[in-house]
Structure formats: structure tokens, C-alpha cells
Amino acid sequence: MPPRAPAAPPAETPLASIVRAIVGIPTVSFREQGVMAAVRAFAEARGLAYTEDAFGNGYVTYRKGRAVRGARPLVLGAHTDHPGFVVESARGKRLDLAFRGGVDARYGKGERVRVYGEDGNSRGLARITRILASDAPNRWARRITGAAATLEEGEASAGDLALWDVAECRIRGRIVEARQCDDLIGAVAVLATLDRLVARGIEGYVVGSFTRAEESGLLGAAAAAGGRTLPEDALVVAVECSSMAGGRAKQGDGPIIRVGDYGHIFSPDMTLWMFRLAMEMQQADPKFKFQRKLMDGGTTEATAYDFMGYETGAACVALGNYHNMGEDNRIAAETVNLDDIDGLAELFVRMAQDTKRHGAMRATSAKRWGEIGREAGVRLKAGG
Ligand SMILES: [Zn+2]
């Protein structure tokens, strides 16, 4: 028998293909099953294990090589929902819709929504005639709680999704315009990382975590953290699309190491580790860009993980038209930059290879500052 040729390593999937496959899948809080099915298929196509916890959050595990024994797993977590309506009742052409997520109630009236059935296929088109809003402003505005709509085409029934009728996914140059960048682009960044680890045969221990109902109050992440479904010694990174308005970040200036959110900051050791690795990547390749920002335009799942005792950091890409809120109170597709997503995946690949240096960086810096302190003491006593 001829010797078996070694199997060719699988090729890396172009980032734009992963974006196209994932970002248009209709989803809202509690109705993320289409995204979960795509994540499962993506994992299985690459020989990776896909599991779900009791709350329906999905996990894809990558574990390769001897070096990962005793190493802390890197958990990259993205959420799989996006703000949108669910049809509560349909009588003739009249639809009553409930909203899940945070959008300013000055938006929505007169906008069109596309109706999707359980299978994720479009089955109708409706126009919003009235917006229902919360009584009190919640942090930044009165928010949409529901709507009345008139069916203009096709059909709709209770339980269908009704999502803004803007581009599901359009790529122009380096800009992705899509209805649901937040946070399906986060999910894309995690999937692209897993894809590159597999294709490059890199040794490492990474868990992609795909959570539910973030837009309804970080529910999937809170349940996962409370249920201790992540490894206790995990290094957790919440991966998001975050409003450019919070943090003055710029699209195209690279992925963002996110130090905190609206109300909380995350582990300094995680930020230090991510920042130093990004600096090393930039020294090796001056074309690699990154930013380090607070991004306090919203909250992130990192808050839930951190308060529940996990070693937690965060990363994101700068998002335009946050939660579909475009100019002049008109609903619009969200935007992100492809190069920022690519840079984020590369940063994660690097982190996957270097988890052992997390923590050691603090010790190294402490030692160095000890030496500086001793020299400073001598100089100060000597008068200069
Ligand atoms: Zn969001």
C-alpha cells in the first residue's frame, strides 16, 4: 500500500465569507436558535466540539497540543441576539409587536419591518404605524417597548420575528453594513479566531462562548456565570460591537482593547496582558493597528463575568449606527470595518498562544518598579 499522504491543512475561511454566513441570520433575545445552529455547523465542519448549557448558551472548544496542559483556557464570548420585535398578535393586516432591546423611542414610526418565520425565512413586510414607549427615560432616553404595524405584503403570525427592513448584509469596500452587527460581528470574530487556530494548527485552549438575551439584560452571560458553566480558571474576554460615540473610537483604527463599560472597569491584569501583546504585534508588524478605550456607550457581558468572580477583560470593534439608530431619527443598518474584525481575530489568535504570560506581566512590572523605586530613593536622598 502506498504511504498515506499527510492530510493538507484546512485552508482559512475568508473573513467576508464568515460575515456573510452569520450576520444576516434573523435573531432577537430568546430567539437565537438560527445563530446557534450556524455556530454548531461551523464548529462541526472544523471538527470542533459544540455543546450547550442548561440555558441554551453555545460553546465551541478548541484544544490542541501538550502545552495546553495546566494552561488557563481563553474564553471568547459574544452574544447572539440583537434588538428587534416579536409579533404578539396578528388580526387581518393589524400586527401588535413587542420590542426586545434598547432603542430610543424617537425612532421607529413609519419604518418598515420584515417578518420572519420560525425557519428564519422572510414571509412578510409591515409598516410601523405607532410606537409604544417606556414611561420614564432609562439612562439615555424613553425606549421602544412595542408597536402597532400594518401588514403590507405576505403574512405574519404570532411568534414571528419583525426586524428593521434595512440591509441584512452589504459589504462596500472595507465597510460592512448590516442590520445585526451587534453582536453577530462579535460572533464572527470568535468564529474567525477558531477557524484560524484550526487552519494554522496552533497549540492552545480556547472556548468560544455564544450567549443569549444580552439585549434583555446580559441574561445568558449572567446565567452562565452564575451557573459556573465556564472553567473556574478561565481568562474571559467579552467580545462586542460597541458604539463609536462612547469612547471616541474610530472605525478602521483597529480592534479595541476595552478597559470598561458604562458603569464598570475590568481586570487591570487582563488589560495589561492584551495591551502588551498588541504592542508586540505592532512592533513586529507596524501595519497592525489597535486602540485602547473605555467605550462607555453601553454595558457589556464582561460586567456580569467580572462581578461573578471570573478573570475578565473585553474587546470590541467600533460600531456605527448603534442599535440601528441612524441620522435624523431614521433606522439604519449598523456598520463595522472588516479590517477591525480581522485585527481582532489576530489579537485573539496571539492571546491563545500566550495565556501563560497573563499574570506574569504584573510580576515583571512589579519587579521593575521595585528597582526604579530603590534607585529613586538613592537619588532623592542625594538631592538629584
Ligand atoms: Zn447591543
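Trainee: How are the donor residues of the zinc ion spaced in sequence?

Mentor: This is a predicted model. The zinc ion is coordinated by D182, E215 and H323, with E215 listed for two OE entries and H323 donating through NE2. Written along the sequence, the spacing of these donor residues is D-x32-E-x107-H.

Trainee: How much area do domain 1 and domain 2 bury between them?

Mentor: Domain 1 comprises 15-82 + 180-356, and domain 2 comprises 84-164. Their contact takes 23 residues from domain 1 and 21 residues from domain 2. On the domain 1 side, R31, N329 and I331 lose the most area, together 33% of what that side buries. Carbon and sulfur atoms account for 57% of the total, which is about 1800 Å².

Trainee: Which residue forms a salt bridge with E111?

Mentor: The side of domain 1 that touches domain 2 has 7 nonpolar, 13 polar and 3 charged residues. Across this interface there are 7 residue pairs in polar contact, and the count of salt bridges between the two domains is 1. For E111, the closest N and O atoms of the salt bridge are 2.8 Å apart, and the partner is R330.

Conventions
Residues numbered from 1 in each chain as written. Predicted model: local features only at pLDDT ≥ 70, side-chain atom pairs only at ≥ 80, totals over all residues. Heavy atoms only, no water. Domains from an automatic or database assignment. Contact = heavy atoms within 4.5 Å. Buried area = accessible area lost by both parts, 1.4 Å probe. Salt bridge = Lys/Arg side-chain N within 4 Å of Asp/Glu carboxyl O. Polar contact = N/O pair within 3.5 Å; in protein donor to acceptor, adjacent residues only side chain to side chain. Nonpolar A, V, L, I, M, F, W, Y, C, P; charged D, E, K, R; others polar. Donors = N, O, S within 2.8 Å, 3.2 Å for Na, K, Ca; no water.
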